Structure formats: structure tokens, C-alpha cells
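Please keep the sequence and the model side by side while reading the paragraphs below.

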Amino acid sequence: MTILQRLSEWQKSRASKEGLEGYMVVSFATLKLIAASAPRSVEDLLAVKGMGPRKVEKYGEEILEICSGTVPAMSASDTIFGEAKRINDVAEESLNEGVNVGVNVGEVAFGVVDDRLSGTQNAQYSIDRDTVDKNTGEIVSAQQEKSIGVGEFLMQLNQILGSYFCSVRIIGEVIGFKSNRNGHAYFEIKDTSGVMRCSVFKQYYDASGIELCDGMEIIITGKPSHHANYGFSFIGTFVELAGEGALKKAYEDLKKKIKESGLMDPDRKRNIPDMPTRIGLITSPTGAAIGDFTTNVGSYGYTILFHGSRVEGAQAASDLLKAIKVLSTMDLDVLVITRGGGSLESLQAFNNENVVRAIAEFPVPVVAGIGHEQDETISTLVADIGVSTPTAAARAVRESFENVGARLEYCERLIMGSFAQSLNVHIQRREHVQHLLE
């Protein structure tokens, strides 16, 4: 594995740990500069464009450790950076030849020239006359660049694509939709300015919870890739409908389908057991809903088994399905799924058919406290107890405890009242007997 490949793997690992995009750690362009120069000290690393003091302080030790390996980075002739090094070498050997040629060396990515190469842009180099075409002024050195294989080029291309486009949301109209016998979906999306081929593998297509057809306007989340045999394609990890009209239609269609299947029937709804103590909770670990629920559920000796999940966005549906699957294996009295309010688009994960059916099939009663009064999701309609807010979900869980308390107070009043009445009767009898004796 080359140093560039090692640096690329390190970048992805670091980005994952810090919850950032790869380019926010160290850009791929900077990684290529590092790989080309193979720095051996902090001073060398600081000389690389894109590596400021803060980045060096934070990542310098790890980068230098990678660069200290014995595997070479990339041959100087393997990339455009090799051209930069070759120009520099020729310039140093030809300083006294008297021919000055303006050279602007840059990084080529996605068909766009970017002049971010450190220390070389707009520099005036002295080049040997034999290396310059007299008519065009272009460099035509006899020492031609070494060729690289198609596979190696595609590997570098995919590294660049993966670094700059870790996760992208693209909107367009579906054309040419088809799926193969394995359930993988293939189609193109288009807008007024272009067409792009897309692939969505079965697990992601199923998790998206919609059935695509030509003419649909969708938002597809994923990243670009170039396959050695099949060419360029956008690999989708989630598909959602675009536009409020399409979302409303899909909502009504799914609502009708679920209702006809009987999952909304009152007869199948289960009651929360009296005084539940083992509660499963699914919501975002960073949202306000978790605080609203835990603050209002009361102190009745609960054991709350929490599974964090995104509740909005492209990954929310798959997160919810994973959380439901994990908690379905736990010993629970009740499951609570909750989040705050939002637009129809932001609540799409709870109108996902797979999530709705997973809630309906959960082994214990489910309380869904999703959104506000105006937010009616299909998950709420299918849940055993469907309420509109996290606070209302907490009240539903604690209700039996409060009812027990009320019954205890009633019994206390009944007992004390009966005792006082009985005592009064006995006092009257004693007084009557005393009167007779006297």
C-alpha cells in the first residue's frame, strides 16, 4: 500500500471518529502533496500547503508516522505532481540557460484545474531550450512521463471522488427504472442540464420504503463511483420523494394501504401493562425529545433501555429499523418511539413502510409520541398508543402509576371513613349502656 493510500485510509478513519467529512480533516489535494514530498519533520510538514500550525499540531504526529514507512508514496511520474517535480528538477539544472518560461502547475480534478499546488503556481522557471516547443512554448522533454494502468488510475479517481463527495443529495426525475432479480435498482435521473446513471442496492432500496417508477421526482443520497467494468454511476444509499405534493400523495397512498391491511384497526391495539418498569426508548440522543420524555415520565423505579437513532434525514429510516430490531430482543414492558415536530419532509422516516410494519410487529405495546398536534404520521396511527408529543408519551407510560396512587388515596379515605363511622357507633353504644347502668 502506498503512502497516499495509507493517508487516504487514515483520513477516512479520522473523519469517521470526529463525525466530519474527509476533506474537513485534511483535503485529498493536501494528502497528495504530503505523499509527493514525504515529509520527515514538523518543519517539512508545515511547508506543505494546506497544513497550517493547527492541523500540524493535531494530526502531524500521525501523518509523519505514516510517511516514515518504507513504502514509497507515488512515483514522481505517476501524477501531475510528478510533472511539478520534473519541472522543478529541470529548472534547477538549467538556471544558466537563459530561457524563462512561465509555468502554472495545478491539480486536475473532475475536469477542473485548481492552482492550489504549494510553491509552484505562477512561478517563473528557467527551462532548457531543448525541452520547449518553439512554436507552442509547451514542455516536450524527452524524458516522457511513465504510464499508469487503468486500474491504478481508477483507484486514484475513486479516492478523489470518495474524499470530496462522501455523501451527496441530488434531486432529479427518474427515467429508465428497472430492477434485477436480486432486487437491486438501476435507473437514471435527469434535470434540465444533465442525465446521471444511478444504482441502489437491494438493502438500501428496501430501506427507503418507496417504489420507484419513471417520472418520479426524487432526492437520492449517496456518492459517485467509477467501476472498472461498468463505468461511472452514482451509488445511492437512500431514496426519498421530492416536493410536498409528491410526499402528500405517497403519504395518502401508504396510509390507505396500511389501513386496508388492518394494521390501524382498534381491535389489534394493545394496552400498556399496569405499572411498567422496563421501558425501551428510541429517539435522537441530541434532540430535545429525550429530555422532554425523561423529565415527564416520573420517578417510579424505571429501567430505561435507550437506543439512539437519527430521526430525520437520509439515514433515519435505517437507524430506526436497526434500533427496533435490537430492542425487540430485550425484555421490555413497553417501547416508546418519540421525536419533536417538523415538516412533512422531516418526518418521512416515520412514514416509511418498513418502519411502520416493524412497529406493528413489535412484541410488546408501542407508544409513538411524534411531532405536535398537527403532525400525524403513519407510525403514530399504527402504534398501540399514538400521541402527538414526547411529553404526552411520558404521560401515557406513567398513567397507570398515577391511577394506582389515586386508587390508594381513595382506599385510604374509604378505610379511615369507615373506621371513624364504626368507632362512632361503638362510642354511642357505650354511652347508652353507661346510661342504663346509671
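A residue is called buried here when its relative accessible area is under 20%, exposed when that area is over 50%, and partly exposed in between. The model is a predicted one, and local features are described where pLDDT is at least 70. Ile272 is part of the loop between α9 (244-260) and β10 (278-283). Once the neighbours within four places in sequence are set aside, the contacts of Ile272 are with Val334, Pro365, Val367, Ile385 and Ala396.

The phi of Met275 is near 50°, which is a positive value in a residue other than glycine, and Met275 is partly exposed, with a relative accessible area of 40%. Most residues other than glycine have a negative phi. Another positive phi, of about 45°, is found at Ala38, which is not a glycine either. Ala38 sits in the loop between α3 (28-37) and α4 (42-46), and a relative accessible area of 23% makes Ala38 partly exposed.

In helix α1 (residues 3-18) the residue to look at is Ser8, which has a relative accessibility of 1% and therefore counts as buried. Leaving out residues up to four places away in sequence, Ser8 touches Phe28, Leu31 and Gln159.

How many salt bridges does a search of the whole structure find? The search finds 15 of them. In one, Glu240 is paired with Arg169, and the closest N and O atoms are 2.9 Å apart. Because Glu240 lies in strand β9 (residues 231-241) and Arg169 in strand β5 (residues 168-179), this pair ties together parts that are 71 residues apart in sequence. Is each partner buried or exposed, or does it fall in between? Glu240 counts as buried at 9% relative accessibility, whereas Arg169, with a relative accessible area of 48%, is partly exposed.

Arg169 also meets the side chain of Glu345 in a salt bridge, with an N to O distance of 3.9 Å. Glu345 belongs to the loop between β12 (334-339) and α12 (353-360) and Arg169 to strand β5, so this pair ties together parts that are 176 residues apart in sequence. Glu345 counts as partly exposed, at 39% relative accessibility.

A further salt bridge joins Arg339 to Glu312, whose closest N and O atoms are 3.6 Å apart. Arg339 is in strand β12 and Glu312 in the loop between β11 (303-308) and α11 (316-327), and the pair links these distant parts of the chain, 27 residues apart. Arg339 counts as buried at 6% relative accessibility, while Glu312, at 45%, counts as partly exposed. Elsewhere, salt bridges that share partners join Arg14, Glu18, Lys58 and Glu62 into one network.

Attention can now move to empty space. Rolling a probe the size of a water molecule over the atoms shows where such space is left. The largest pocket has a volume of about 660 Å³. Its lining is made up of 27 residues, and those nearest the centre of the pocket are Gly209, Ile210, Glu211, Leu241 and Ala250. The elements that give two or more residues to this lining are α8 (202-208), β9, α9 and α12, and the largest share, 8 residues, comes from α9. Sorted by class, the lining has 13 nonpolar, 6 polar and 8 charged residues.

Finally, the chain can be viewed as a whole. The chain has 14 helices and 14 strands, and of its 438 residues 41% count as buried. Among contacts in the chain with a separation of 6 or more, 64% are accounted for by residues 24 or more positions apart. The accessible surface of the chain comes to about 24400 Å², and 52% of this surface belongs to carbon and sulfur atoms.

Definitions and conventions: Residues are numbered from 1 along each chain as its sequence is written. This is a predicted model: local features need pLDDT of at least 70, side-chain atom pairs count only at pLDDT 80 or more; totals for chains, interfaces and linings use all residues. Side-chain values use heavy atoms; hydrogens and water are left out. Helices (H or I, at least four residues) and strands (E, at least two) are DSSP runs, numbered from the N terminus. Contact means heavy atoms within 4.5 Å. A salt bridge is a side-chain nitrogen of Lys or Arg within 4 Å of a carboxyl oxygen of Asp or Glu. Buried means under 20% relative accessible area, exposed over 50%, partly exposed in between (1.4 Å probe, protein chains only). On a 1 Å grid over the protein atoms alone, a cavity is a set of points where a 1.4 Å probe fits but cannot get out, and a pocket is an open set with protein on both sides within 12 Å along at least five of seven lines; lining residues have an atom within 4 Å of a point. Grid points are joined across faces, edges and corners, and a volume is the space filled by probe spheres set on the points. Ala, Val, Leu, Ile, Met, Phe, Trp, Tyr, Cys and Pro count as nonpolar, Asp, Glu, Lys and Arg as charged, and the others, Gly among them, as polar. Accessible areas come from the Shrake-Rupley method with a 1.4 Å probe; for residues, only the protein chains shown count as cover.
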